Amino acid sequence: MMRFDSGRRFANCTGLGRRSFLCAGSSGIAGLSLPELLAADARSGNESSRKSIIVVHLDGGPPQMDLIDPKPDAPAELRSPFAPIPTNVPGIGLTELMPQCATIADKLIFLRSLVGADGKHHAFQCQSGYKETVLQSIGGRPALGCVVSHLLGSPQDQVPNFVDLMQGRPLVRNSARPGFLGPSVKPFRPDISDRFHRELEEGMKGELARLGDGHKTELKLIQSLPVDRIDDRLALLKRLDQFNRSLDDSGEMDAMDHFTRQAYTILTSGAFAGAMDLDQEDPRVIEHYTPKQAGGGSRSYTSEGPEAALKFLLARRLVEAGVRVVSISLSDFDTHADNNNRMQQLGPLFDFGFHALVTDLDSRGMLNDVTVLAWGEFGRTPKINNKGGRDHWPRLSMGVMGGGGMPGGVLLGQTDKVAGEATDRPIDYADVVATLYRQLGIDPGRMIHDRSGRPHVVMDHGEVIKELI
């Protein structure tokens, strides 16, 4: 079983400690409220596109000048200590923390002039394109992945349309919200908490109770599910499959709620569980996603531990299995103190993981169908504070994109001499999300309806970025 577990504990600016983890395997299908999560209206005329999106949230707000916008001529007290380096595209430079991405700059898009950040420490705007106060009285705007589930989902899907693997602070963890679309399009949020086992057990008990009292055999089966330890994925899936077959044989499966059955279809199809099981991956691919120190050995970059880069691999496996939208996160970019030393760890991790993902997708012929995006909730101040850190800077943010058939080797936007303000081609968060919808074949001007039947435009502001069409 592959586990992403934190070692050290960093405190963010709210004073909350972080200890995040992720486990891959059937036990990773955790924390799901199954029938509620998958219940959705059957829709006709759904698009057939299998385009996918992977969103990487750089939790805390990445410092733009230390990664993709070097300013070597800035005043000494403001400029980044990380030297500029060339890329394989003339005219595009990065910092020395991004050497891997510099070698594939011809496949990437660098967003240097992101504006319009809400200034809040969560990923809501990165998930939806909107500030969280918009339409808050009816639940707020839904995340992109939730809209995708609403428009493109089908009760016959054997994998979820939206899988959210974001970790870290609770505000980040709960940023991908269904908003006014309601809980039927909540994302799958795998984790390894015992809550899954309890909810799975209780959910099945509840379904049996609804069907009637004639299922004592199935109830005994459910009660025999190991709640304290489910390391054996095959045993769990076998038990679920036996439960599923017993209902089919009894004829009661047809009486179950249409969408509750979809929940069991996803859990027992094997496609989703297989994608979550990194033990099934080629060891050479695992190696491709494992950063190394000079002289050998794994290098630990963040409080998430040395295996954090494997989340990029997990995202690739999920879209390969048919998931349309996957969100992951990298923690600890909230560098209010000791920015330079922390970025010496964080920058190379991001650089390595993003490069590994893009090159892996490319080698598999998937890059034209998968759009990848990395960004955070805001940027960081040009000025270093008295703790050696950079503070929040909502006036300018950064992002890196690639894939999806978009042109590579593109630099969008210019900034002032300290990377503090956009001086040319400002791009709003909503513009980026509108572009992601287009990448999925969804018109950002399309109408969707809230639970009361009121119509809303998918994106009522923001424009598709014309340079990427």
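How many bridges join strand S10 to strand S11? Select residues 379–384 for S10 and residues 390–393 for S11: the strands run antiparallel and 3 bridges join them. Strands here are DSSP runs of E with at least two residues, helices are runs of H or I with at least four, and both are numbered from the N terminus. Two strands pair if DSSP finds at least two bridges between them.

This is a predicted model, in which local features need pLDDT of at least 70 and side-chain atom pairs count only at pLDDT 80 or more, while totals for chains, interfaces and linings use all residues. Residues are numbered from 1 along each chain as its sequence is written, and side-chain values use heavy atoms, with hydrogens and water left out.

Stay on the hairpin. Arg380 has His392 in S11 as its bridge partner. There are 5 residues between the strands, and Gly388 takes a positive phi near 75 degrees.

Next, select Asp66, in the loop between strand S3 (52–58) and strand S4 (84–86). Asp66 has a relative accessible area of 0% and is therefore buried (under 20% relative accessible area; exposed is over 50% and partly exposed in between, with a 1.4 Å probe and protein chains only). Show the side chains of Asp66 and Asn339: a polar contact of 2.9 Å joins them. Such a contact is a pair of N or O atoms within 3.5 Å; within protein, one must be able to donate a hydrogen and the other to accept it, and residues adjacent in sequence count only if both atoms are side-chain atoms. Beyond four places in sequence, the contacts of Asp66 (heavy atoms within 4.5 Å) include Ser80, Phe82, Thr95, Met343 and Arg390.

Move to helix H4, residues 144–152. Of its 9 residues, 9 are buried, so H4 is largely enclosed by the rest of the structure. Among the elements covering the buried residues of H4 are helix H3 (124–128), strand S8 (325–330) and helix H14 (429–439).

Now the nonpolar cores, which are sets of buried Ala, Val, Leu, Ile, Met, Phe, Trp, Tyr and Cys residues joined through side-chain atoms within 4.5 Å. The largest has 60 residues, and Ile54, Leu318, Val326, Phe350 and Phe354 have the most contacts inside it. Helix H13 (residues 339–363) gives the most to this core, with 10 residues. A second, separate core has 46 residues, including Phe162, Phe180, Ala434 and Met459.

Last, colour the cysteines. Cys101 counts as buried because its relative accessibility is 0%. The structure holds 0 disulfides (pairs of cysteine sulfur atoms within 2.5 Å).
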